[in-house]
Amino acid sequence: MTLQHIAVIGAGTMGSGIAQTCAAAGHTLLLIDIHEQALGRGLQIVQKNLDRQIEKGTLLPAQAIETLQRIHSSTHYTDLDQMDVVIEAATEDLLLKRKILQQVDTHARLDCLIASNTSSLSITELAASIKHPERFMGIHFFNPVPIMGLVELIRGLQTSDATCSTAGALIEQLGKTAIHTQNRPRFMVNRILIPMINEAIFVLQENGDAQAIDASMRLGCNQPIGPLALADLIGLDTVLGILDNLQTGFGDPKYRPAPLLKEMVAAGLLGKKSGRGFHVYS
Ligand code: NAD
């Protein structure tokens with residue numbers, strides 16, 4: 001199956017990154033958002049990223065122009081009948097996504113793959129919004145999309161093998177690596193990463209030395225950034241939200257958030273974005 005025409009729904013952080021990545025790989029891209037302003041902002045993000053690549057010498061100005069020319073934008077769902085793939089990357093809200101998927105289902109061709117970039121919602125539950133759940137699956141990109149090499153592919157209960165292999169082919173065309181994972185809370189990467197960060201916070205409660213904890217994982221495990229510094233980067237409120245999600249989703253107390261994490265979030269110490277988390281930022 002040819003995968004020439006791709007639509008991305010939602011022109012925010014992720015949608016604009018997915019749009020850029022697809023267009024850079026040669027796909028014709030339709031970026032849809034309900035807000036005209038969001039489309040403008042999304043296209044500006046793409047332009048900025050491409051300019052940065054030109055400055056670094058990793059992209060020719062002509063290639064940047066070609067990429068931008070392949071991206072079209074719209075506030076309507078009506079053009080979806082031309083699409084081979086539709087990737088939903090709108091605001092993380094179950095009811096909103098269900099409504100969007102119902103509209104996509106109405107307009108998209110029957111052989112169009114429909115996917116969601118959700119980080120936390122059940123793929124099986126989202127699939128129930130459309131008439132043919134076998135053509136739906138999770139395609140979970142990482143931020144920033146143009147840079148990160150991994151994509152998680154998540155099957156819902158009724159996702160077909162054909163849908164899975166089409167998604168795999170797409171990710172290969174984008175030059176990224178796909179890993180297949182089950183429809184479990186937070187899929188694979190965050191299910192492993194966030195408990196590790198939580199454990200680092202438990203250790204911090206005992207020994208109080210954030211620098212030592214981060215150094216131990218950087219130098220002892222060759223991680224590019226220590227777990228506490230990474231938590232600061234992600235945002236401590238986001239880390240807490242993911243842990244709550246894991247604990248509720250699995251019903252397993254091993255995911256309980258460290259009390260210090262809860263306290264820091266309550267105090268408004270959210271990491272880099274608030275100027276202070278486990279480390280101080282100027
Ligand atoms: P965002 O807030 O930056 O962008 C969401 C966009 O969706 C906005 O532009 C908004 O106008 C648009 N939108 C809202 N309702 C819409 C509708 N009915 N039709 C079309 N567009 C609509 O959000 P984001 O960070 O880009 O996240 C998008 C999705 O990607 C979420 O499901 C999130 O869980 C997932 N995700 C986010 C990250 C991340 O690091 N931000 C990483 C992986 C996955």
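At what angle do helix α7 (residues 189-207) and α10 pack, and how far apart are their axes? The two helices pack at an angle of about 115°, and their axes lie 10 Å apart. Here axes are lines fitted to C-alpha atoms, for helices over the stretch in contact, and angles run from 0 to 180 degrees between N-to-C directions. That makes α7 roughly perpendicular to α10 (angles of 65 to 115 degrees count as roughly perpendicular, under 35 as roughly parallel, over 145 as roughly antiparallel and the rest as oblique).

A word on the model before going on. This is a predicted model, in which local features need pLDDT of at least 70 and side-chain atom pairs count only at pLDDT 80 or more, while totals for chains, interfaces and linings use all residues. Residues are numbered from 1 along each chain as its sequence is written, and side-chain values use heavy atoms, with hydrogens and water left out. Helices (H or I, at least four residues) and strands (E, at least two) are DSSP runs, numbered from the N terminus.

A231, D232 and I234 in α9 meet L236, T238 and V239 in α10. By class, this contact of α9 with α10 has four nonpolar, one polar and one charged residues.

**The sheet**

Eight strands form an open sheet with mixed pairing, in the order β3-β2-β1-β4-β5-β6-β7-β8. Its edge strands, β3 (71-74) and β8 (177-181), each pair on one side only. From one strand to the next, the twist averages 25°. Two strands pair if DSSP finds at least two bridges between them; β1 and β2 run parallel and are joined by five bridges, with L29 in β2 as the bridge partner of I6. Strand β5 (residues 113-116) and strand β6 (residues 136-141) also run parallel, joined by three bridges, and I114 stands opposite F136 in β6.

Helix α6 (residues 161-173) packs on the sheet, touching β1 (5-9), β4 (85-88), β5, β6, β7 (150-155) and β8, and its direction makes about 25° with that of β6. Four of the five residues of β1 are buried, so β1 is largely enclosed by the rest of the structure. Helix α2 (residues 36-56) lies across β2 (28-32) and β3, running at about 165° to β3.

**Two residues to look up**

Buried means under 20% relative accessible area, exposed over 50%, and partly exposed in between (1.4 Å probe, protein chains only).

| Residue | Relative accessible area | Class |
|---|---|---|
| S120 | 25% | partly exposed |
| N198 | 3% | buried |

S120 is found in the loop between β5 and α5 (123-127). Leaving aside neighbours within four places in sequence, S120 is in contact with E92, R186 and N245.

N198 is found in helix α7. Not counting residues up to four places away in sequence, N198 touches L243, Y255, R256, P257, A258 and L261.

Note on methods: Contact = heavy atoms within 4.5 Å. Nonpolar A, V, L, I, M, F, W, Y, C, P; charged D, E, K, R; others polar.
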